[in-house]
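Here is a short tour of a protein model, written for someone who likes to know the cut-offs behind each value. Please keep the structure open as you read.

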Amino acid sequence: MAETNVHQILADTLSSNPNVRISAELKLSEVLVHQDAGLALSQLALTQDADMSLRQITSIILRKYVTERWSPYFSAFKGNAPSVEVKTQIRGAVFQGLSDPNRKIRSLCAHTISSIASCDWPDEYPDLLSSLINLISSSSPDSVHGAMQVFTEFIKSDLTEDQILPVLRQLLPVLLTILGSTEQHTPLTRSRTVSVFRQCVTALYMVKDQHPQAVKEATATILPVWLEAFKVLLNLDPQQDVSRTDNWDPLAVRIQVFKTLDVIHTSFPRALTNYLPDYLSASLRHLQVIFPTYNHYYISASGSTPGSSEDETVELPQLICPLFDFVSNAIRGGKAKGWLAAENTNALIEAIFSYAQMTAEDEETWATNANAFVAQEEDENQTYGVRVAGFELLYTLLDRSPAQVCTVFQSTLQQVGTSSQSSRDNGVASWWKPLEAALAAVGSQAEDILNCVEDEHESGRPKPIDIEYLLANVVPSLLNQSEHPFLQGRAFVFASQFAKLLPLEMTGQYLEAAIHVIESSSAGVPVKVSAVKAVHNFCQGAEDSAVAPFVPRIAQDLGPFLLLTTEDTLSLVLETMSVLLEVEKGKWLTNDLANSLVLAVLEVWAKNNKDPIFLSIFTDIITSLASATSEGVYETVAKQALPTLCNAIATSKPNESWIAGSAIDLIASLVQGAPETGLGEGFFPLLAPSLFNCLKEAEDRDVLQNGVICLTLVVRKDCGQLLSWSDPNGQSGLDHTLKVVAKLLQNEDESGGLVIGDLIIHLLRRAGDSVLPVLPELLHAMVSRMTSAKTATFLQSLVIPFAFLIHNQLENVLVMLESTTVRDRTALDVLIHTWCENAETFQGFWPTRVSTLALSQLYASGHPSLQALMVKGDIIVKPETKNVIMTRSRTRTTPHEFTSVPFPVKALKLLVHDLRSGGDSATIPAGEVYEVDSDDGDEEWAEEERLHQGFKEEEFSFLSEMLGPRGANFDNDDILEESDDEDLKNDPISQMDIQAHLVSFLRECATRNVNNFNTNVEQLSAEEMNVVRQIVAQ
């Protein structure tokens, strides 16, 4: 294929004539199939006398050629790969392009080499690494520039564990030389050496467990040299870099240095210890020196930033954010105590307040884009930037020294207030920005500030910050600053963040002002959104009695907002409506208001029924409306919502399963909010046809799971309606419900988990007599599924109903299980094996208790069939696995083995385990604690923190309480939030003292030698025997 032919085709692809261009693009697709097409492209890209636009398009097409024609390694591969000889020639030509005089050609060749390397290196391209190192060792700035761009990608993605250390020994000295050659190499090339070094540090950290000694030696020799170099670089005046008008390229080096310091602090913090004071001082100096420039170009937007000489973006926020991150992590690590003297802390907080000011771009965007404005206010939605990074640093400072930092907040607020007033008096247009930033900064830490003030008060010390003074004397005057809507809005939000400190009368005044803004037709986006946010905060933070008089009016005002807003703003309005409805449990609702709110929510749901975040708020609102204590409101809500939602279920298409799934979810929330007296006449007859028909046809996991949850709630709230309903063919509601259970038991997808068990449990509790005729069939199906079930939650769903039945009807259930056969085993054998192997993984307050009670009953029964059952005991510790972390690969080659023990012994083991995991940790013998030498840099933890894994005692206690026994609370909604399952919460099993019961049970067994108790105890582990003996001896 002639090179001139490719030349002409490529030239035609740049033609302004669309016919010529399209024809050329089609010809090009045909040409690229040929073996030598890539070689022709690579040679043309290097032709110095060719037109530059042609060389650039050729280089771009060449990279496309590599991804589509080079190797099946690439996902876009289309076949016709070049021969080994041609590949070698192409690689050579592209590598030569790394030294091309033109910067853009070098960059394009670097991208192509990176793609080739990801596929060919090291097997088919073994000399790449040495060639690149030779290239960056050359005296040619162009060659170094090209090679550095390859290294930036190469180190990140292509080096294996065994290759990293040898490569770094060769590479890093060369990189350091380039970094120091300020006259020979451009700042952007030098910045890339720091970027590559950072990737090297990350690579070292990744292999430190595989090569601990080698990495230790490498870091001991490599890091100090680079850290010294960084110290020198950061001590150079940054003003020199930002005072340039042509470009800000030198800033790129500082940007990469701060990013790298943060990585080193995370990976090898000990190496940084001696340098931290210098780096922190340099960080503060940078913030102080470059602020006038930041103010000029970003806050005031008095000019356009110079940018960079290449395609890379070089802006001040790119420097400030990693700088804030590094300082924050250094302070969090505990090594900055000495540096955080009053002078430095004051200066650092003052700098953060300054940088927190809104930029001109922020103003422009937020003034008209409500969603963008809301997003920057929400913790989970905030776009990371200078303001957010600064607030993160404030959080870290406040966490380390609450009282000291609050005192600085007080003095800084006073300074900002004074200077803002002065600027205002002097006619400075942006006088409001520092004040808005200061209020935003302090408000962002509201929760921690309130805790600090409370702690200081309880300790008899003076308040470090006087928020009440601000709320009474400063903030009210800002509520009328309509010409500065961002400051006006900030005043509303700030007051609401500290709602707990406001007296009743003042809360009313703030709410009255917020309502006035919400109702105003002239108020702009920022202040209106801020007023809604303030209402949200007041409803959460203030006393109900302070908010209640205003709630009906606010709800009436917000109703139309539901239909006018979208995305983040809609989310805020929905969340605000949700917290409004919780005030005094909605007793202020009228039927008319409830009716209009339901209609609005359903209309918004119809437009947003695919959004899981919105859906979670919709369900909260429907539940709150349905559970409102006002007379007739539930009936109104049900009358409006149920027909609409049933119709949505009935008419949703199979490929739009989210409609049915979300509609069922909303109905479940309606049932959840229904009064204990029942769902109301005709509720289930209206729901049943569409629900059961949907669940019969559905394959979607969420639809089935939501359907089971909905049925469970119906059984709990008004089981009579389900039992009395039947379809035209005479099939009852119970029949249809059991079909749903059967379908889910047969389903290979076990993600439904606990919900099936909940439905079965509540059926057994509420409809016991009605279930009796089909109970043997149901239990057989559940035991059969145990033999193939894999996930812990699904196995729990299958076992816990049996535990409940055994607790209530021990003998009848045992007889039924003994007489049932599943795959040549008795159902009792399958159940006991499954139960014993999974009991320690059961979650939830009630399920774990009923399991424990049933196991104790099974043990005490002494049933003959149980005595001979051998089940899995303790893990067998082998010499080759002792004190070894068992990874998945090791477990495959050396699988765990277990002892085999009789069921009565295993039952005792599980009961002792429950006793220990649920008891007072101080009474349980603890294992040895080993000190391990590490590089996590925690030497300066307080003794209190060392004793509690880095937490203070009260923090550790809180964490332990949250996690609960076996970490059960972590996944247990009954503990983490108020349980909505009143049935199980009020069940006698939930009310009893399980610890006292177990202690009494074990003592009784010991006294009467129940089921050969003394012999069984002898087969426990030494630790378990010790626990039993302590209990029996008490």
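## Salt bridges and their surroundings

Lys463 is partly exposed, with a relative accessible area of 43%; here buried means under 20% relative accessible area, exposed over 50% and partly exposed in between, with a 1.4 Å probe and protein chains only. The model is a predicted one, in which local features need pLDDT of at least 70 and side-chain atom pairs count only at pLDDT 80 or more, while totals for chains, interfaces and linings use all residues. Residues are numbered from 1 along each chain as its sequence is written, and side-chain values use heavy atoms, with hydrogens and water left out.

The side chain of Lys463 forms a salt bridge with that of Asp466. A salt bridge here is a side-chain nitrogen of Lys or Arg within 4 Å of a carboxyl oxygen of Asp or Glu, and by this rule the count comes to 29. Asp466 is partly exposed too, at 27% relative accessible area. Three of these pairs are listed below.

| Pair | N to O distance |
|---|---|
| Lys433 and Glu363 | 2.7 Å |
| Lys463 and Asp466 | 3.6 Å |
| Glu603 and Lys607 | 3.9 Å |

Helices (H or I, at least four residues) and strands (E, at least two) are DSSP runs, numbered from the N terminus. Lys433 is buried, with a relative accessible area of 3%, whereas Glu363 is partly exposed at 24%.

Glu603 and Lys607 share helix α31 (residues 591–607), where they sit four residues apart, about one turn of the helix. Glu603 is partly exposed at 39%, and Lys607 is exposed at 56%. Elsewhere, salt bridges with shared partners join Lys64, Glu68 and Lys78 into one network.

## A helix, a strand and the whole chain

Among the buried residues of α37 are Leu734, His736, Val740 and Leu744.

Arg825 belongs to strand β2 (residues 825–826) and is partly exposed, at 32% relative accessibility. Leaving out residues up to four places away in sequence, Arg825 touches Thr820, Val830 and His833, where contact means heavy atoms within 4.5 Å.

Overall, the protein has 55 helices and four strands, and buried residues make up 52% of its 1034 residues.
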